[in-house]
Amino acid sequence: METIAIYWEPVIKTYGLEGATNLTLVCIHFKSERMTEWGFWIWKLGSSMDGFHLVLLEHSDPNIFHLYLLVDSNGAEKILSPLDEHIRTDTGEYFDQIYPVDLIYFQGPHFGDRYGIADSAFKALEAHSIPVFIAPCSGASVYLVLPEKKGVKPYLYSPGHFMTLGPTVPKRVRSYP
Amino acid sequence: MSLISEKIPVGGIKLSNELVQVIFLNRSFSENFRPLFVQVLAKHQVNIPFLSVSCVREQTWGSCCVAAEDIFQVKKLVARDSELKGNVEFISDVGALSIFPHRSTLKLLGLILYAVGNARLPIYGMASSISALTFITGYSCLDKAVETLLTFLELPERHAPLKPEIRIIQQKR
């Protein structure tokens, strides 16, 4: 069944901007044939470590995956220390970390079914030369990991880009200032 | 024999319609991080249900998914844009599988990677949203992916994976 919708609006309404600070972006680059081993390792890590703020998995070619995990900086050692033992640098695997970084995210009505949402966010940041480390957008959510203390809220909400529609959706992460 | 015997309770599984993944090659990014392709799709009112971009230590990667119905238009847009032509690649017949809620737990992430790797299912990307962990696999593999994951996930009683029943078409403005 098909349904026709008109979602376009001159300024995109969101349910509000959320975020967190003092985070570490852990980047693990691993071989695809080790997917099962990495899965098991991360599963085991889950017993001793707090959760993630964000996950992104990409592949640059069919044999290499890039896994980005955004975690609280004060708990990052729990993942970074054992990584040294698990990573197989002889096969080209490596890991990296970027800290401190900030996270901002927002969602809005039917974002997953509308064109132009992510591009509007990128455009707003690009206009102020604010770089983005990673940006996963799925469902109705837009996530942006940025250098620390960029205070991007005014830029995203500058005239012509985004505005808040209503109350924010409760989430475990802290509010962005 | 599986190394993981634990089952993780989840609220549900959602499957997408058929999608096409578009991989951005390095030259398809504007001066900093903004993919040119995303700009072109926005300009021509094409929706992107899944997008991932990374720009870390001078290495830039990215991809997105578009509806299979949009791919003819998308390929036309790419063909007539000199900067995009030759700088994007397509993987057709893919689909998204979302598991919710993820509760920000590494156990669920590890379990998905373990199960998918063990079953030798293709995985073309993964991203978390506020409540769901979504990964991209072959469209024809979605049923097998569900079957594989249900070895490790516990759905609520009488819950079947949600399949899309309507397709939203945006009226051009």
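1. How many bridges join β4(A) to strand β7 (residues 125-128) of chain B, and in which sense do the two strands run? In this predicted model, there are 2 bridges between β4(A) and β7(B), and the strands run antiparallel. Within this pairing, A:Leu56 stands opposite B:Ala127 in β7(B). For the student reader, two strands are said to pair if DSSP finds at least two bridges between them, while helices (H or I, at least four residues) and strands (E, at least two) are DSSP runs, numbered from the N terminus.

2. Residues are numbered from 1 along each chain as its sequence is written, and chains are lettered from A and ligands numbered from 1 in the order in which they are written. The model is predicted, and local features need pLDDT of at least 70, side-chain atom pairs count only at pLDDT 80 or more, and totals for chains, interfaces and linings use all residues.

3. The next point concerns the interface between the chains. Here 55 residues of chain A are in contact with 56 residues of chain B, where contact means that the C-beta atoms of two residues, placed from the backbone, lie within 7 Å. On the side of chain A that touches chain B, at least two residues each are supplied by β1 (2-5), α1, β4, β5 (64-72), β6, α3 (117-126) and β7 of chain A, and α1(A) gives the most, with 8 residues. Sorted by class, this side of chain A has 32 nonpolar, 14 polar and 9 charged residues; Ala, Val, Leu, Ile, Met, Phe, Trp, Tyr, Cys and Pro count as nonpolar, Asp, Glu, Lys and Arg as charged, and the others, Gly among them, as polar.

4. A:Gly46 sits in the loop between α1 (35-45) and β4 (54-61) of chain A, and, leaving aside its neighbours within four places in sequence, A:Gly46 is in contact with B:Thr105, B:Leu106, B:Lys107 and B:Gly110. A:Gly46 counts as partly exposed because it has 19 C-beta neighbours inside 10 Å; a residue is buried if 20 or more other C-beta atoms lie within 10 Å of its own, exposed if 12 or fewer, and partly exposed in between, with C-beta atoms placed from the backbone. The C-alpha atom of A:Gly46 is separated by 30 Å from that of A:Gly108, which is 62 residues away along the chain.

5. Chain A is divided by the domain assignment into domain 1 (12-20 + 101-164) and domain 2 (23-100), and such bounds come from an automatic or database domain assignment. The C-alpha centres of these two domains of chain A lie 25 Å apart, and their contact takes 10 residues from domain 1 of chain A and 10 residues from domain 2 of chain A. On the domain 1 side of this contact, β6 (94-107), β7 (134-138) and β8 (141-147) of chain A each supply at least two residues, with the largest share, 3 residues, coming from β6(A). That side of domain 1 of chain A has 8 nonpolar, no polar and 2 charged residues.

6. Strand β6(A) also takes part in pairing. Strand β3 (residues 17-31) of chain A and β6(A) pair in the antiparallel sense over 10 bridges, with A:Leu17 opposite A:Phe106 in β6(A). A cis peptide bond joins A:Tyr99 and A:Pro100, with omega about -15 degrees, and A:Pro100 is found in strand β6 of chain A.

7. In chain B, the assignment gives domain 1 (8-17 + 93-154) and domain 2 (20-92), with C-alpha centres 24 Å apart. Contact here involves 10 residues of domain 1 of chain B and 10 residues of domain 2 of chain B. By class, the side of domain 1 of chain B that touches domain 2 of chain B has 5 nonpolar, 4 polar and 1 charged residues.

8. A cis peptide bond joins B:Phe100 and B:Pro101, with omega about -10 degrees. B:Glu58, although not a glycine, has a positive phi of about 70 degrees; B:Glu58 lies in the loop between β4 (50-56) and β5 (59-67) of chain B and is exposed, with 6 other C-beta atoms within 10 Å.
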